[in-house]
Amino acid sequence: MCGIIGYTGHESAGEIIVNGLKQLEYRGYDSAGIAVMDPKTGIVLKKRTGKVEELEKAAAEASLLNGEATCGIGHTRWATHGGVTEQNAHPHRQGQVTLCHNGIIENYKELTTEYGLKNCLKSETDTEVVAALLDKLYEGDPFKAIKKTVNMLAGSFALCIMFDDQPGKIYAIRNVSPMVAAAFDGGSIIASDLTAIINFSKDYFVVPEYHLLTLSDEGIRVQDLKGRDVQPEILTVNWDIKSAQKGGYPHYMLKEINEQPEALERTITPRIQDGLPYLLDDGIDDEVLKNLENIVIVACGTAMHAGMVGKAFIETRLRIPVTVEIASEFRYKDPIIDSRTLTIVVSQSGETIDTLEALRLAKQKGSKVLSVVNVKGSTIARESDYVLYTHAGPEIAVASTKAYTVQIAAMYILGARLGLVKGTMSEEDTRKFIKELQGVGELMTKTLECSDTIRGIANHIKTAPDVFYIGRGIDYTLSLEASLKLKEISYIHSEAYAAGELKHGTIALISEQVPVIAIATEEKVYAKVISNVREVKSRGAYVILISQEGKVENSEVCDKQLYIPVCDSVFGVFATAVILQLIAYYTSDAKGLDVDKPRNLAKSVTVE
């Protein structure tokens, strides 16, 4: 959840770290801190509550930017232990040890008691316990002390550590929580995510779990906990730093909404050969698809909603049973899966802790696991039997947009191949399906043209205390994601309901001028949804109707109508998603909120 960066080399550590924290701020932004190893005065620590810009001011006042220090670590926090205070902000310092941490230490209370640490602690965090324990065990050998410390920790962690008597060196180790590192001409750098290091190197490696890194100006040494040197696998970033910048847009979210057609093309095109879905380059052969009898999709939040769209397509078109599970629930139940089950785990970051644990449970049960992820070398990708990488590029806004639609596209490609292999889709039908899938970017581009109309709608609903979404079939699955988006970034209470359930209690919530966003893009249930719309309209609701072009309704049915291009509803989800994302975006913007960094949320959920 938090963002970590460490740098040592020949350049100003303060400047590099603060700029890196700006790139990582979407991982947490309630407080931030920096510690640099000044060659004259030793370690200097600055921490501030609020956003990184507050830390930048403090660091500049203390002459830490463009200063003489060439080694340091930094942290931007999403609070899990303790309130938002400077004392609770990272890095934490105990004795000779300064460290920052991403994760949760589950046994910090036991360690505090066992090692008598209570009296030296100044914060309310689990992290400071690690710093105090490490300092207590440190006798001049970093490797020995870190090994002993991490072997006592229960939970997840990514640690960046400096010792007073080890000038110019940073030590790092992790379990579950992500870290990537790179060596370049100017030194060595480590961070929670690629966005903070891509300015320095396109070649990087994922820090192996329970391996100790020693970063110096000469490079990075990687050792396992037996002290043996390890050569990590070097990966190459396939996007540039401009992809992680706003590019003239007022917010990352709006930029990422507009990037969806290109992201879809990058995800779909390499997986088509001779007009048919082709997955051999992804290492997914037909045997794994041929032998499966059922599918379980496991994910959290937006990724789970993408899985629900995948379920609607696979069950309707392929007649294969699919279950969609919330990852945090799946891992604490006894799921009915076996070797004939394909478990599909979906995660943008590839580090989502509940999804990762669900993956491990599925493998224990004998299921093959296929992951749909966006980040190369991520933990979920490495632990899966098969990986279908989406190619969304970096997604910086906390509210996911392009990651969602490329996940749906990945489900469709996988489903089309499955249908072909199983014989539930003919070659002719599959070719037609793939051709239409290749055209969804155009549908989205055309739909983006209605932005001005959506901005007007957002201005109307921005003062509403409640908003309701209704739909049937695949439109209902879209309404769930739409409601989540609106809640996430506008803080308006929002609920999504299957339209047919209105008369079973929900309609009691409808009163004068309550906004109801009705999605009616499926031809087979269009008349039914319009009937439900009339029910809420007659009770005074302010109705925004989303339908396909040509389905024009009068003011007795709706107050505003938005259109997607005419298409099969299975592909209409992409265009509809654009409208729903823009409604959430413009509502948040109209309220003057920080669209990209909604309160209490962080991008990558790597702790329970």
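How many positive and negative side chains does the protein have, and how far apart do the centres of the two sets lie? There are 65 positive and 80 negative side chains, and the two centres lie 2 Å apart. Here Lys and Arg count as positive and Asp and Glu as negative, with His and the chain ends not counted. Each charge is placed at NZ of Lys, CZ of Arg, CG of Asp or CD of Glu.

A quick word on what you're looking at: this is a predicted model, where local features need pLDDT of at least 70 and side-chain atom pairs count only at pLDDT 80 or more, while totals for chains, interfaces and linings use all residues. Residues are numbered from 1 along each chain as its sequence is written, and side-chain values use heavy atoms, with hydrogens and water left out.

**The overall picture**

The protein's secondary structure comes to 19 helices and 26 strands (DSSP runs numbered from the N terminus: H or I of at least four residues for helices, E of at least two for strands). Its C-alpha trace spans about 75 × 55 × 45 Å along the principal axes. The radius of gyration is 25 Å, which agrees with the value near 25 Å for a compact globule of 608 residues; it is taken over C-alpha atoms, and the globule rule is 2.2 Å times the number of residues to the power 0.38.

Of the 608 residues, 61% count as buried (under 20% relative accessible area; exposed is over 50%, partly exposed in between, with a 1.4 Å probe and protein chains only). The accessible surface comes to about 23100 Å², and 47% of that belongs to carbon and sulfur atoms; the areas come from the Shrake-Rupley method with a 1.4 Å probe, and for residues only the protein chains shown count as cover. Of the contacts between residues at least 6 apart in sequence, 72% join residues at least 24 apart, contact being heavy atoms within 4.5 Å.

**Helix 16 and its cover**

Helix 16 runs over residues 451-461, and its buried residues include Ser-451, Ile-454, Ile-457, Ala-458 and Ile-461. Those residues sit on the same side of the helix, because they cover an arc of only 115 degrees around the axis (the arc of the directions from the helix axis to the C-beta atoms). Their cover includes strand 24 (515-520), strand 25 (542-548), strand 26 (560-564) and helix 19 (569-590).

His-460 is in helix 16 too, but is partly exposed at 33% relative accessible area. Beyond its neighbours within four places in sequence, His-460 is in contact with Gln-513 and Tyr-542. Tyr-542 is 82 residues from His-460 in sequence and 9.5 Å away, C-alpha to C-alpha.

Most residues other than glycine have a negative phi, and most peptide bonds are trans.

| Residue | Phi | Loop |
|---|---|---|
| Gln-513 | about 70 degrees | strand 23 (493-498) to strand 24 |

Val-176 is buried at 5% relative accessibility, whereas Gln-513 is partly exposed at 42%. There's also a cis peptide bond from His-90 to Pro-91, with omega near 0 degrees. Pro-91 lies in the loop between strand 4 (71-77) and strand 5 (92-94).

**Ala-416**

Ala-416 belongs to helix 13 (residues 402-422) and is buried, with a relative accessible area of 0%. Leaving aside neighbours within four places in sequence, its contacts are Pro-277, Phe-313, Met-425, Thr-430, Phe-433 and Ile-434.
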